[in-house]
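Subject: The structure I promised you

Hi,

Here is the structure we talked about. Have a look at it first, then read on for what turned up.

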Amino acid sequence: MELNEQVMGGPGGDRVEVVADAALIVVDVQRGFGEPYWGPRNNPGAEENMAALIDAWQTSGRPVVFVRHDSRSPRSPLRPGRPGNAFQDVVAERLGRGAGPELLVTKSVNSAFYGEPDLDAWLRGAGVRQIVVIGIQTNMCNETTARMGGNLGYDVLFPLDAMHTFDAAGPFGWTLTADELSRATAVSLQAGGFARVVSTAAVLRGLGGEGGA
């Protein structure tokens, strides 16, 4: 069973409360993540769910933050000046089209809270206390941003089917598939109280929408 089907069939399908000034944080949805450099990915429905959430946020006038990773690694497809640094169409076609405030944050580390301009200062200045994190990669920049958001006192929603990651190798010869990494992230975030792991459909219902992909 694919991750998207598991999420839609689980308790994350319930409705969640999305407050009027909740901010959508769209992390690193860049062309470089479509290159073979990263290996096999999961959740082919991620982009459709990202689009549904961005559209819903922009229509509702809620704040949207677009985050771009400017890698310092010479080999990375995300390095500035390379085609892969640019946003994918799902974001590029929506930039600046919202009825509410929008912010572009650039970073070179995992957390969107360590970027320019200062995301925490912008959110607090706007009175935002709830954030919804989507984008790429589930277990890397998304998870790190969610953890830090939780530590900073934000109510963090984490729609697991509106993001994806890649298979990875670690120490001792261990390997995990992208779905295994996504499940590990979901368990760690929710068990640790950093975020509430939900589905796109649940978030859209909380906004008053019709449901996700």
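This is a predicted model: local features need pLDDT of at least 70, side-chain atom pairs count only at pLDDT 80 or more; totals for chains, interfaces and linings use all residues.

Let's start with helix α5, which runs over residues 138–151 and has 14 residues. From its first C-alpha to its last it reaches 18 Å, close to the 20 Å expected at 1.5 Å a residue. Its buried residues are Thr138, Asn139, Cys141, Asn142, Glu143, Thr145, Ala146, Met148 and Gly149. What do they pack against? Their partners are the strands β1 (23–27), β3 (102–107), β5 (130–136), β6 (155–159) and β7 (163–164), plus helix α6 (178–191). After α5 comes Gly153, with a positive phi near 100°.

Leaving aside residues up to four places away in sequence, Ala146 touches Val156, Phe158, Leu189, Phe194 and Ala195. Leu204 is 58 residues away from Ala146 along the chain, and their C-alpha atoms are separated by 19 Å.

Now for how α5 sits against α6. Two packed helices are described by the angle between their axes and the distance between the axes. For α5 and α6 the angle is about 10° and the axes are 10 Å apart. Because angles under 35 degrees count as roughly parallel, α5 is roughly parallel to α6. The contact brings Thr138, Asn139, Glu143, Ala146 and Arg147 of α5 together with Leu181, Ser182, Thr185, Ser188 and Leu189 of α6. Sorted by type, the residues of this contact are three nonpolar, five polar and two charged.

The other helix to find is α2, residues 46–60. Its 15 residues reach 21 Å from the first C-alpha to the last, close to the 21 Å expected. Buried in α2 are Ala46, Glu47, Asn49, Met50, Ala51, Leu53, Ile54, Trp57 and Gln58. Just past the helix, Gly61 has a positive phi of about 85°.

Which residues have the most contacts inside the largest nonpolar core? They are Val18, Leu24, Val26, Leu53, Trp57, Val91 and Ile134, in a core of 30 residues. At least two residues each come from β1, α2, β2 (64–69), α3 (89–92), β5 and α7 (200–207). The largest share, six residues, is supplied by α2. Another core of 27 residues lies apart from it, and includes Val27, Leu123, Ala195 and Val197.

Not counting residues up to four places away in sequence, Leu53 touches Leu24, Ile134, Pro159, Ala162, Thr200, Val203 and Leu204.

Most residues other than glycine have a negative phi, and most peptide bonds are trans. Here, the bond joining Glu116 and Pro117 is cis, with omega about -5°, and Pro117 lies in the loop between β4 (115–116) and α4 (119–125). The bond from Ile136 to Gln137 is also cis, with omega near -5°; Gln137 is in the loop between β5 and α5.

As for phi, Asp28 is not a glycine, yet its phi is positive, about 55°. Asn43, another residue other than glycine, has a positive phi near 50°. Are they buried or exposed? Asp28 is buried at 1% relative accessibility, and Asn43 is buried at 3%.

Notes: Residues are numbered from 1 along each chain as its sequence is written. Side-chain values use heavy atoms; hydrogens and water are left out. Helices (H or I, at least four residues) and strands (E, at least two) are DSSP runs, numbered from the N terminus. The expected span of a helix is 1.5 Å times one less than its number of residues. Buried means under 20% relative accessible area, exposed over 50%, partly exposed in between (1.4 Å probe, protein chains only). Contact means heavy atoms within 4.5 Å. A nonpolar core is a set of buried Ala, Val, Leu, Ile, Met, Phe, Trp, Tyr and Cys residues joined through side-chain atoms within 4.5 Å. Axes are lines fitted to C-alpha atoms, for helices over the stretch in contact, and angles run from 0 to 180 degrees between N-to-C directions. Angles under 35 degrees count as roughly parallel, over 145 as roughly antiparallel, 65 to 115 as roughly perpendicular and the rest as oblique. Ala, Val, Leu, Ile, Met, Phe, Trp, Tyr, Cys and Pro count as nonpolar, Asp, Glu, Lys and Arg as charged, and the others, Gly among them, as polar.
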